[in-house]
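Please keep the sequence and the coordinates in view while reading.

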Amino acid sequence: MARFRTWTGIALAGALSLSLAGCSSTGGKRAEDARKAAAAQGRAAVDTPRWTFAMITHSGDGDTFWDIVQSGAEQAAVKDNINFLYSHDDEAQQQAQLVDAAVDKKVDGIIVTLAKPDAMKAAVARAVEAGIPVITVNSGSAESEEFGALTHIGQDETIAGEAVGEELNERGRQKALCVLHEQGNVGHEQRCDGVEKTFDGKVQRLYVNGTSMPDVQSAIEAKLQTDKSVDAVVTLGAPYADTAVKAKRSAGSKAEIDTFDLNAKVAAGLTDGTLGFAVDQQPYLQGYEAVDLLWLNKYNADVLGGGRPVLTGPQIITKDDADALADYTKRGTR
């Protein structure tokens, strides 16, 4: 497998306990995975009690990124004999209510995202006061310890943005458009902050309605039509990269399209040159490790991170790397 370019100073989280060594997604690897699953018949690899863990995220409906996070969490839950409950809401108040509901159910552990931390603080505090261990994942690394969580699993969003800024410098870009698809999401603002910190050129922020892809496309297209000096568009989620490509074509722009996060379409776009690069934060790993670390804490009082986040990224993925990840993106684990 190609060696992926990683941002200097990042110590990535420990390796998964299952191998992701590459074979064809329609051949040996998939067949081997199916054989192992059939042999295990869904049985756990441990004999610990069947604890119940709840994961509550800020995902909207149909977000493929969160499908990958959930997939990782479910895989770990099977291994660890966990009854896994997943719920989500992109409205912070509703997400907080889902956390409250999990506390009322007296679950044995909670995994939660803090995209809008102020709205989530009271609900997380209630869980901690109830003696329920909490792990934050993906967003909210700065607030995780303050809120009483055991640890945070994800990437540092500012550092990830800094990596993008450096990559844009290497590519000789002069003006970048940072497209924010969810207003109020602190992680998205931190990503653009990071780009601004290290990018030698100019950065403009474009706020779009991320719940409507036609609106996203028209907003990007209009910006590219009115400002021909934009030579890089950075989207903050994989599903928006393809929409940005369509907007670029409609606007007749020559801007390079780059994106945070990875999926099968992004991998294909990197391969054919439609996209310049992607920033991978390994969502499968975030879900898997969140469940596994909660299990380790319940079983053995283990805590990882030493008070600091357990980092799963960023990794800068280019055309040279895309082929090595294609099989994993097709099966939904990268």
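Across the whole structure, a search finds three aromatic pairs; rings of Phe, Tyr and Trp (its six-membered ring) pair if their centres lie within 6.5 Å, with planes under 30 degrees apart counted as stacked, over 60 as edge-to-face and the rest as tilted. One of them joins Phe65 and Trp66 edge-to-face, at 5.2 Å centre to centre and 80° between the planes. Phe65 is buried at 8% relative accessible area, and Trp66 is buried at 4% (buried means under 20% relative accessible area, exposed over 50%, partly exposed in between, with a 1.4 Å probe and protein chains only).

Tyr284 and Tyr288 form a stacked pair, with 6.2 Å between centres and 25° between planes. Both belong to helix H11 (residues 283-300), four residues apart, about one turn of the helix; helices (H or I, at least four residues) and strands (E, at least two) are DSSP runs, numbered from the N terminus.

The sheet is open, with six strands in the order S3-S2-S4-S5-S6-S12 and parallel pairing, where two strands pair if DSSP finds at least two bridges between them. Its edge strands, S3 (83-88) and S12 (310-311), each pair on one side only. Strand S2 (residues 52-57) runs parallel to S3 and is joined to S3 by six bridges; Thr52 has Asn83 as its bridge partner in S3.

Residues are numbered from 1 along each chain as its sequence is written. In this predicted model, local features need pLDDT of at least 70 and side-chain atom pairs count only at pLDDT 80 or more, while totals for chains, interfaces and linings use all residues; side-chain values use heavy atoms, leaving out hydrogens and water.
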